[in-house]
Structures are given as structure tokens and as C-alpha cells.
Amino acid sequence: MPESKVTLLSDARVHDAGIVETVDLAEEVSHYLAHLGFLPGIRVEVLRRAPAGDPTVYRVDNVEVALRRDTARHITLKLERGARK
Amino acid sequence: MSCHAPVLEPIEETLQTASTASRLRTVALVGPPNSGKSTLFNRLTGMRQKVANYPGVTVEHHSGRMKSIGRGDLTLIDLPGIYSLSTYSEDARVAVEVLTGKMPGVPRPDCVLLVLDATHMNRQLMLAAPVFSIGLPTLVLLNMSDQLEARGGNIDTLALARELGHPVALISAAKGVGLEVVPDFLVQADGTLNTHLRPVQLPVLQSPSACRAWASQVTTRTGYQSPTASKWTQRLDSVLLHRVAGPLIFLAVVFAVFQVVFSIGQPLSDGLGNLLANVGTQLGHMLPDNWLRLLLRDGIWNGVSSVLVFLPQILLLFLFIGVLEDSGYLARAALIADRVMRSIGLNGKAFIPLLSAYACAVPAIMATRTIENKRERLATILIAPFMTCSARLPIYTLIIAAFVPHRLFLGGLVGLRALVMLGLYALGFLAALVTARMLNSSVMKASPAPFILELPQYRWPTLQSLAMRLYDRGKLFLKKAGTVILGVTFLIWILSVIPVHGGNFSDLPSSVIGSMGHVIEPVIRPLGFNWKIGIGLLSSIVAREVIVGTLGTLYGLDPSTHSLGLQAALRHDMTIGGAIALVVFFAFAMQCTSTLAVVRRETNSWKFPILQFTYMTTVAYVAALVTNQVLTRLF
């Protein structure tokens, strides 16, 4: 079995999915994100990029949330196997 | 299993042990942002709070009597959406203070209606734990049951109620389904006041991760099936957020709005104008031929009806804004615009307040309460009045219809008038952009706050919601015409006939207003404005639309333009340079006392409104001066 890869959420490609490992942001930001579902152990899917390439739309808990690259690079994701074929 | 039966079981047990019943008075409506609290509030009270399909519409607490369900004795408080009871922004602080009885002037709620969006329970339930801990009788309302069912989700309300220790019911606030559970609950809650509720297992430490773990456990144990993502939302987004098509559609939508305001709105407005003119003439004949006829017909009727004719255009504009807000497209627009917003150093969250400033700056400035970062909030407040609010629409359409020829390009798709209008909107946005840039590089240097935006599922805007918006807007507009504008035109008329010499009124140039006009004329002459425009500008400091009423009155009184319509009178009296300079002036100037008052309140100081007024008026003056000087040399 291949080791599943940990990556920055900002580096994950569209259609990738994985489990959040860490969220390393200012207290008030991570608190807000936590209530949107960005918490360790929760599955996140990369849906699409905004027309300008940033922000990116993620699906978490059945809700679509857009984050800028600046924010997403402070979140790490353990990619699901088979995610990057 | 069926999800419809409202489950009130857990409370029934406690009901029997209830001792003396103290009277229930206040009910609080609590829930995460965009869970449909305001829609439910409107249903239960029969009132009309603004609702829209994006988070953060309610930033203040509102209250109303629960008349629609026959409980006019109870007050329902609608709170801003909150994710938790930890407070990071102004709107969340308001919610928590009301809920804990710390808000001065608001009674502590006796029971709680907790509204959660049934389509994503895992994160919505995170709020339930802290709300239950307050210890008030709580009814959990799982909203959007229609969407849950349509997309194949399932909730076992019976199991959930047992797990939570509070009654649970599935409802659809938008469709009015399942709401009969609310009066039942209120009757039972009345009996349970001052009694202990059945203890529930709640997370001890209410950190987000603990609440989340608890919520996940609850949903797993009760067999919650989350609905599948809406296929339509996915399909629409693949087009509307497409790399190339997305921004093009965005621009096309914005342009179409202006095109329709002209191509459909203008004929309607002209028709209404003719109608009002005829009514005025008829009414005039019924009045004695003396000063009273002059006052009522030439003064007030001319003034007020010259503003009233813009009602069709205002309503059309708000119909569009309503469709964009209710459908969920607005959040996508925010996503597309984020790149631009970032380049001027503004948080994407500022987009929604700024967008609502296109309707009116007052609610927009209040909506900035959702911005956590104090400096960004202040910057947004300071630039919001540059956004082209609907009060500018009357003077814009008046000048454009009078001075810009009706030309169509691209096979009739693109009109010159709509293009000029779009240009004026762009001008306001540009001023906001440059100002934000300046603020960002000097006083407002701040760490970049993150852009976090929820994209709601697309929904069909309901006719009822659109009709309500138009009704409210129309009422507001008519009310303003009947109060502020009527008052100002009355004053203008009085000032334009005094002093009275030997029983005769002064003629316009020798009246008080004429002399005032001639005093200020040298200041505005370089802008291409005559003294009547000057009086219009002075009167419009109250509110922007007032200028149209004032001009209607002044030109109606002037013998040389008396028989002409306002458009023709303006063409007779102004050059194209002056006319365009006038709309440019309005694009920038801070002609609105309500906005100044709300800025004073939200910033808690006179410094900012005074600064803002001075700055915007200076910019307006210089821009109008340049416009007039350049255009006069060109044409």
C-alpha cells in the first residue's frame, strides 16, 4: 500500500480530496474555519478555482467554502490514496 | 422513516413535574449564519426583515410580536447568525449579549428557537452544545427540510430529540411547512420555566474540536444522512465560475441591468411623467387662480412628481438586485471580484457590504459589522458612499435622458445611454478603489485578513420575496417623496416668492433663493452650473434625490422654462459640459445626511463623517471642474 501523502491545502489540485491534518492560523481565523469544518480529521475536497485562479472553492461537510491561497497554505491535508493518479 | 412528525416527547416528561408556571415573555431566535432565521422570523411575526441567500444579512437584533401564530403576547428576537458563543466580530457579540441577558434594554430570553440548516448537520450542530449550556428551554428547528428531501438526505428527528434532550422538528421556513410545532412548544415551554431540564451529555470543554466531535457522534448515532450536493449548483458553477465565461457573464449581467433600466424603465418613467403632468394640470384647474395654485401646482406638484417619475427605474433596479441576492449568484460575484478587492487591499468580506451600497450606503455601513478587522471595517465604511446608491439614479437618468442621444450599437444590444450610466457606476467604484488604496498605504496599514466565503446552493428566488422587496423599496421611495422631498420643495417655493412687495410675489431672480443662488454662482460657474443647479446642490445635501425635486420646482416657476418638461428645461439652460459635470459631481459627492449620521454612529466619532464629507466634496468639485473644462473645449 502506498503511503498517503501530506500536502499543503493550497498545493492540492482540483478534484483532490483528503483529511485535514493541521490548521496553523491566528486564533480568530482558525476558530472561524473550525466552524466551517476545517478541523483535523475532517474530509475536504478541492472543487474548483475562481476564474482568476484564486481563491479556491473547497467542499467540506457538504458546504462550499472559498479560501484564498494565503489562507489555504496554512492548512495541511493528508491526500486520499488514488487522489493523484 | 418519515421525518415530518414534530417530536415534542422529551419535554412532555418534564412538563408533568413543572411547578408554578411563570409567564413566558421573550423568545430568542438563534442559529448559524444563513440558516434561515430571518425568513422564519418573518413567518412567525408577519414582519418583513431583509433576507437574502448569503450569510451575515442580519447584523443587529430585531424584535417583533409573534402575531402570525396567534401569540402577540410574546416578543421574538431575531439575532445575527453565530457559529459559536465565542465572539470575534461585532455581530456575534450582539447575539451573545442578548442571549445571556447582558444587552441593555433587551430582556433576557425565556426560551430559544435554535434554527439549524438540515442539509449540513455536522457543522450546524456545533452551535447546539453552547446554546444548550445556557440552560433555557430550546426547540431545535431543522430548517430547509424541502432541500434535504429533494437531495436525498434523511434525519431521524425522534432519535435526534432523544440524543439532544430537546424537542426537534423539521421545518421549511421558506415554504412555511412544519411551523405549527412552534406554538405547541411555546405552550409547553411556558410550563417548564424555572424547572430543570433533563440533563444531556454535552462536551465539557466547548472548543470547536470538542463541539465538532460531539456533533459528529450525535449525527452518527442518529443515522443522519447528509444530502448529496445539488447537481444544479455544480452545473451552474461550472459555467458561472468558468475561467473565461465566468467574468464575461458577470460583466454581461451588470450591463444587462443598466440596459433594462433604460430600455424598459425609461418608457415607463416617461409614461408616468405624462400621467402626473396631466393630473397636475387637471388639479390646477380645480384650484383658484391665485398663490395657492402656484404653490400647489408649480411648486410642490412639479417638484415632487419630477422625483416620483423615477419609481419604475428604482423598482427595476431592485428587482435585479433581489434576483441576484436570492438566487445565490452574489456570493459567486464576490468570488470573481476577490482578485480586484485584494489588489486594493480590501478583504473579500468587504465585497458584500460594498455591493449592498449600490442600493443604499446606510445598510451597507451597518453590514460592515461582519468584518472582524477594525481597520478594514473602517476603510470599508469610508469608501462605501462612493458606491453608486439608488438615490443617484434619478439625477443620472434625468441628465442622461436629456443630454445623451439614444444610440444603439451591436445590433441594438448595447445602448449609449446604458454605457454612460455604466461609466458613472465605474467612476464611483474607481473612486472607492483609489481611496481604499490611499487608506491602505497610510493610516489603515493592516495585516491582510483572510477571505473566507461560503457559497450557498443556488435557489429560485421566490415571487413572494421579490414582491416584498419591491413593495418595501417602493414604499420607502414614496415615503421619502412625501416627506423630505415635499418639505424641501415647499421651502424652495417659499424662498423663491419672498420677499412679497405690495401683495405681489418676487419674480425668481429677485427672490431670496435667487439672491442666494447668485451669491454661490461664482463658486460653481467654473463647473458649468448655473445658480439653479447651485440651489439644487445645496438642497441635495439632505438627500441626493432632492436635487431633482428642487430643479422641478425652480424650472416650473421660471417663466422662460415654465411650459417645458424638466428635461427640455435643462437642455435649454445647460451645456453638455455642465450636464456631464453635474453627474460626475454626484458620482463623488457625499450628499446624504443619513449616511453621515450612520457613519457617526458606527465609528462613534464626528471625526470620520466630517473628514468623509470634506474629502468627497473636494473630489467631486475638482472632478466636475475638470469634466466641464475638458468637455467645453471638446464640444
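**Figure 1. The loop that holds A:P55 in the predicted model.** A:P55 sits in the loop between β3 (43–49) and β4 (56–60) of chain A, and the model shown here and in the other views is predicted. The peptide bond leading from A:D54 to A:P55 is cis. Its omega is near -5 degrees. As a general point, most peptide bonds are trans.

**Figure 2. A:D61, in the loop between β4 and β5 of chain A.** The phi angle of A:D61 is near 55 degrees, which is positive although the residue is not glycine. In general, most residues other than glycine have a negative phi. A:D61 counts as buried because it has 22 C-beta neighbours inside 10 Å, and the cut-off for a buried residue is 20 or more.

**Figure 3. B:N604, in the loop between α27 (593–603) and α28 (607–634) of chain B.** Phi of B:N604 is also positive, near 55 degrees, in a residue other than glycine. B:N604 is exposed, because 8 other C-beta atoms lie within 10 Å and a residue with 12 or fewer is classed as exposed.

**Figure 4. Strand pairing between chain A and chain B.** Strand β5 of chain A, residues 63–67, pairs with β9(B). The two strands run in the antiparallel sense, and four bridges join them. Within this pairing, A:L67 stands opposite B:I452, a residue of β9(B).

**Figure 5. The contact between the two chains.** Chain A contributes 27 residues to the contact, and chain B contributes 32 residues. On the side of chain B that touches chain A, at least two residues come from each of α4 (121–124), α9 (208–221), α11 (245–263), α15 (329–343) and β9 (452–455). That side of chain B is made up of 15 nonpolar, nine polar and eight charged residues.

**Figure 6. The fold of chain A.** Chain A has two helices and six strands. Read from the N terminus, its elements follow the order β-β-α-β-β-β-α-β. The radius of gyration of chain A is 12 Å, close to the 12 Å that the globule rule gives for 85 residues, so chain A is as compact as a globular protein of that length. Along the principal axes, the C-alpha atoms of chain A fill a box of roughly 40 × 30 × 20 Å. Of the 85 residues in chain A, 45% are buried. Among the contacts in chain A with a separation of 6 or more, 60% join residues 24 or more positions apart.

Notes. Residues are numbered from 1 along each chain as its sequence is written. Chains are lettered from A and ligands numbered from 1 in the order in which they are written. This is a predicted model: local features need pLDDT of at least 70, side-chain atom pairs count only at pLDDT 80 or more; totals for chains, interfaces and linings use all residues. Two residues are in contact if their C-beta atoms, placed from the backbone, lie within 7 Å. Ala, Val, Leu, Ile, Met, Phe, Trp, Tyr, Cys and Pro count as nonpolar, Asp, Glu, Lys and Arg as charged, and the others, Gly among them, as polar. Two strands pair if DSSP finds at least two bridges between them. The radius of gyration is taken over C-alpha atoms; the globule rule is 2.2 Å times the number of residues to the power 0.38.
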